[in-house]
Amino acid sequence: MVKCPRGISQVKLVLRLLGAIWVSSLVIIAGFALVQIYAERDQILTDLERRAWLTGEVLKEAVEPAIQRGPPARVERIIKKFGSPRRGIAIYDQFAGLVVATPDVAPRLPPSLPMISKALTTGEAQKGIETLAGQKTYLYAVPLQGEGPPLGALVIFLDASHIEINPSDLLQQNTVRLLILASVVSLLTLLVVKWSITHPMTRMAEWARQVRAGKATPPPVSGRFFGSLASEFSELAKSLDDAKAAAEREALLRLEGEALWTEERLKQFVRSQLNDTPLFVVSNREPLIHQWRGNKIEASAPASGLVTAIEPIMRACGGLWIAQGSGDADQETVNAHDKVGVPPEQPAYTLRRVWLTKEEEDGYYYGFANEGIWPLCHIAHTRPVFRASDWAAYQRVNEKFAEALLEEMRDTERPYVLIQDYHFALLPRLIKETRPDARIALFWHIPWPNPEAFGICPWQQEILLGMLGADLIGFHIQFHCNNFLETVERAIEARVDRERFGVVRGRHTTYVKPLPISVAPEGDPGDLGISREELLRELGGSVALLGVGVDRIDYTKGILERFRAIERFFERYPEYRQRLVFVELAAPSRSHIKRYQDLDEEADRVVEEINWKLQTKRWKPIVYLRGQHSHKEIRPYYRHADFCMVTSIHDGMNLVAKEYVSAVEEDRGVLILSRFTGAARELVDALQVNPYHIDEMAEAMRLAVEMPPDERALRMRRMKQIVRERNIYRWAGLLLEELTRVSVDRAGVAEV
Ligand code: G6P
């Protein structure tokens, strides 16, 4: 039934196309025929002219003396000799009266011919076409010269009947041409229309019907023509799908009577509370890296907890994100202002890249941030390194980012600035000094140690003063807030207001709050591209249980301890050999630092050693996937794993724990979680372990795989609820709410 109108419109389209082809072919062929007629006529005329002139001139030479000296019979002989059935010759006297003519032309001659009189009076040769006795004839009349006026005229008559091109011949010839041309073009057009328009359109229509029915299938056509239409349509379908899913989620939440934070709620909140003031985010790591892969540029998201958390907020609220451009194709993908829209296919916010020199990156990022502050704040027994040159670079880079940020918010009054992490401890003060009206939050994504531990930093005062330029400093947990306040009390002159949890210096107060960061709620998992059965089959024929770990290769993550626990588990419980595989997805990180290089090598070595010891022909206990993995690649492991191990030696929060809880199948999954992570405070239903205690971790693995299904489901359900409720939108909402409560004036006085 639906086919009918589509069929009709297709027939119409084809008829229109064919009509246009036939009319244009007709016009073209008729035009060419006309041109051909005129060209042929011109050629015949030129030919007649040339022949008549030649004969006339030759004869004139012979006839002139004969006519002067007579007798007329001589003249007659001469012209008969030159005459022929298609070439008549006649001699006229000085009064245009016929003297003699060749027999073929004589009977056709009229009593007078004006052309002859004209030749006699003007003394010049005359030429033209006349109809003599119904036959087209070319005339060439040349005066015969004597002593005085012309003695008469010599006239050449040439048959010009062929100058008349027969229209019926022409029509016949060209009708055949027209038929051939129009038929070939029509046939080709029909084929092209069928394969390039009708066929893809039918497939697109079928695909659109499937998308409308909620089946997420890839578009059936690609390429420039329909490809761009298809990808636009895909985007549209995706947006509609997202909107539908969001509406469904909202409806569900309303039914549940919960006031959950959602992307939509955060958007509304930002709109109403921030009055559309744009958000400014600063971090070292950018949310989107462009890199050359062969001669193509690829965009990818880096493995970073920070990016995982902030990216959904920026997608929801828009604004500007300033970060270091670190991809080798980053420069090629920004505009003249170093900016690029993210996500590139449908930008929701702007990324402004700041370029650092190699020396700056070495000193600020690898040196001070990651060899100094990172080990200083993590109690992981790696000694921090403090070099004066690194500190100088750290200061310089903070100033560089301050310049970029000040430039970007030049036209924004009372801007909201969210500074991320330990790379920018000095930035809040640098901004506040120039823009006291800015509302500044600094979120510290890593732990804050006790005052003794932090006190070994040679520049602890500068760092604290820099941080206190912010109106709000956030840590993941209360314990880190307490440590920070104690450090401030001991290291600098300031009043700590324990009641309101703030640091007062002069007229400015910096509030210090615990704000546990989180992940975006998991949407519909959709098609992961691989089922659990397929995944297990890939890992070995007899494998029935899957464990997973996802980490940057970092000494704080307890990766080696985890491997040793896995080894111990298989030693203690050999019945699990060939039945359980642990997949570790490990992303190389900060690889210019020796400590990281050593760890990277050691991880390879330990995996090799354990596998060598335990493996069989078709089974390895640890599948070590070292490399950068996209969310899409990680998701099937999260979703299908029976347990996930997060065994950090020390961690601010650890979002892998929350990502796993959020993504794993409804009644599957056990989280084994280090008690030294921020996440352990919230995810109390995880099996909490001490990563230094290898036997305890091995035992936790056994508990995980042998846990009664009811208990497993209950624990996971409770954790899922916590992660769903305390999601990243709530984190951003609470942070911004705190910041809106801060009232700033031009003098930079912060009050709540
Ligand atoms: C982890 C930390 C973040 C930090 C990030 C940096 O995710 O929790 O606080 O910003 O690592 O990683 P990167 O690869 O950018 O050095």
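Helices are DSSP runs of H or I with at least four residues, and strands are DSSP runs of E with at least two. On that basis, the secondary structure of the protein chain in this predicted model amounts to 23 helices and 25 strands. The chain's radius of gyration is 47 Å, well over the 27 Å that the globule rule gives for 752 residues, so the chain is more spread out than a compact globule. The briefing below covers the overall chain and then the ligand site.

**Overall chain**

- The C-alpha trace of the protein chain spans about 150 × 65 × 55 Å along its principal axes.
- Buried residues account for 49% of the 752 residues of the protein chain.

**Residues around the ligand**

- The shell around the ligand comprises Arg285, Gly305, Leu306, Tyr365, Asp421, His423, His445, Ile446, Arg552 and Arg590.
- By class, this shell holds four charged, three polar and three nonpolar residues.
- Domain 3 (277-354) and domain 4 (358-514) each contribute at least three residues to the shell around the ligand.

- Aspartate 421 places a polar side-chain atom 2.5 Å from an oxygen atom of the ligand.
- For arginine 590, a polar side-chain atom lies 2.9 Å from an oxygen atom of the ligand.
- Arginine 552 has a polar side-chain atom at 3.4 Å from an oxygen atom of the ligand.
- The ligand taken alone exposes 390 Å², and the protein buries 91% of that area.

Key. Residues numbered from 1 in each chain as written. Predicted model: local features only at pLDDT ≥ 70, side-chain atom pairs only at ≥ 80, totals over all residues. Heavy atoms only, no water. Near = heavy atom within 4 Å. Polar contact = N/O pair within 3.5 Å; in protein donor to acceptor, adjacent residues only side chain to side chain. Areas by Shrake-Rupley, 256 points an atom, 1.4 Å probe, with all protein chains shown as cover. Nonpolar A, V, L, I, M, F, W, Y, C, P; charged D, E, K, R; others polar. Domains from an automatic or database assignment. Rg over C-alpha atoms; globule rule 2.2 N^0.38 Å. Buried < 20%, exposed > 50% of the residue type's maximum accessible area, 1.4 Å probe, protein only.
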